[in-house]
Amino acid sequence: ILRRGDFLEVYGTGFGPVIVRQGLAVTTATVEATVNGVGTEVSFAGSAPGFEGLYQVNVRVPNGVSGLIRLRLRADGVDSNEVTYRLGN
């Protein structure tokens with residue numbers, strides 16, 4: 001269960017090429033996230049360590065949201081499917 005201010009680790013495919021920066025393989029495309037339709041912080045978007053072709057995106061759960069939240073990612077102008085998560089108290 002997530003809480004406001006936590007980071008949600010999202011895993012997926014199709015985020016495009018990566019480059020190595022400070023020892024991490026990060027996406028060359030800017031990855032954006034929205035929670036309930038409002039933009040929120042993405043602290044990392046790149047290759048998931050130890051997995052070929054799998055990406056990890058770390059998204060901050062913003063203050064002011066509660067209950068079920070709707071998350072959508074956007075990379076290089078392409079939107080992901082929307083997924084829902086339940087926040088804790």
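In which loop does Asn-81 lie? In this predicted model, Asn-81 is placed in the loop between β9 (78–79) and β10 (83–86). The relative accessibility of Asn-81 is 68%, and the residue therefore counts as exposed, the cut-off being over 50%. Apart from neighbours within four places in sequence, Asn-81 is in contact with Leu-71 and Arg-72. Asn-81 and Leu-71 are ten residues apart along the chain, and their C-alpha atoms are separated by 8.5 Å.

The chain as a whole contains ten strands and zero helices, and the order of elements along the sequence is β-β-β-β-β-β-β-β-β-β. The radius of gyration is 13 Å, close to the 12 Å given by the globule rule for 89 residues, so the chain is as compact as a globular protein of that length. Along the principal axes, the C-alpha atoms fill a box of roughly 35 × 25 × 20 Å. The accessible surface of the chain is about 5,600 Å², and carbon and sulfur atoms account for 48% of this area. Of the 89 residues, 33% are buried. When contacts between residues at least 6 apart in sequence are considered, 53% of them join residues at least 24 apart.

The largest nonpolar core has 18 residues, and the members that touch the most other members are Val-10, Phe-15, Val-57, Val-59, Leu-71 and Leu-73. Two or more core residues come from each of the strands β1 (7–12), β4 (31–35), β7 (55–60) and β8 (68–75). Strand β8 supplies the largest share, four residues. For Val-59, the contacts beyond four places in sequence include Leu-71 and Leu-73, together with Val-10.

The side chain of Gln-56 makes a polar contact of 2.9 Å with the side chain of Asn-58. Not counting residues up to four places away in sequence, Gln-56 touches Glu-9, Val-10 and Tyr-11, as well as the residues Phe-44, Ala-45, Gly-46, Ser-47, Ala-48 and Pro-49.

Strands β2 (residues 18–21) and β3 (residues 24–27) run antiparallel and are joined by four bridges. The two strands form a hairpin with two residues between them. In the turn, Gln-22 has a positive phi of about 50°. Across the pair, Arg-21 stands opposite Leu-24 in β3.

Thr-27 is likewise found in strand β3. With a relative accessible area of 9%, Thr-27 is buried, since this value is under 20%. A polar atom of the Thr-27 side chain lies 2.8 Å from the backbone oxygen of Ala-29.

Conventions
Residues are numbered from 1 along each chain as its sequence is written. This is a predicted model: local features need pLDDT of at least 70, side-chain atom pairs count only at pLDDT 80 or more; totals for chains, interfaces and linings use all residues. Side-chain values use heavy atoms; hydrogens and water are left out. Two strands pair if DSSP finds at least two bridges between them. A nonpolar core is a set of buried Ala, Val, Leu, Ile, Met, Phe, Trp, Tyr and Cys residues joined through side-chain atoms within 4.5 Å. Buried means under 20% relative accessible area, exposed over 50%, partly exposed in between (1.4 Å probe, protein chains only). Contact means heavy atoms within 4.5 Å. The radius of gyration is taken over C-alpha atoms; the globule rule is 2.2 Å times the number of residues to the power 0.38. Accessible areas come from the Shrake-Rupley method with a 1.4 Å probe; for residues, only the protein chains shown count as cover. A polar contact is a pair of N or O atoms within 3.5 Å; within protein, one must be able to donate a hydrogen and the other to accept it, and residues adjacent in sequence count only if both atoms are side-chain atoms.
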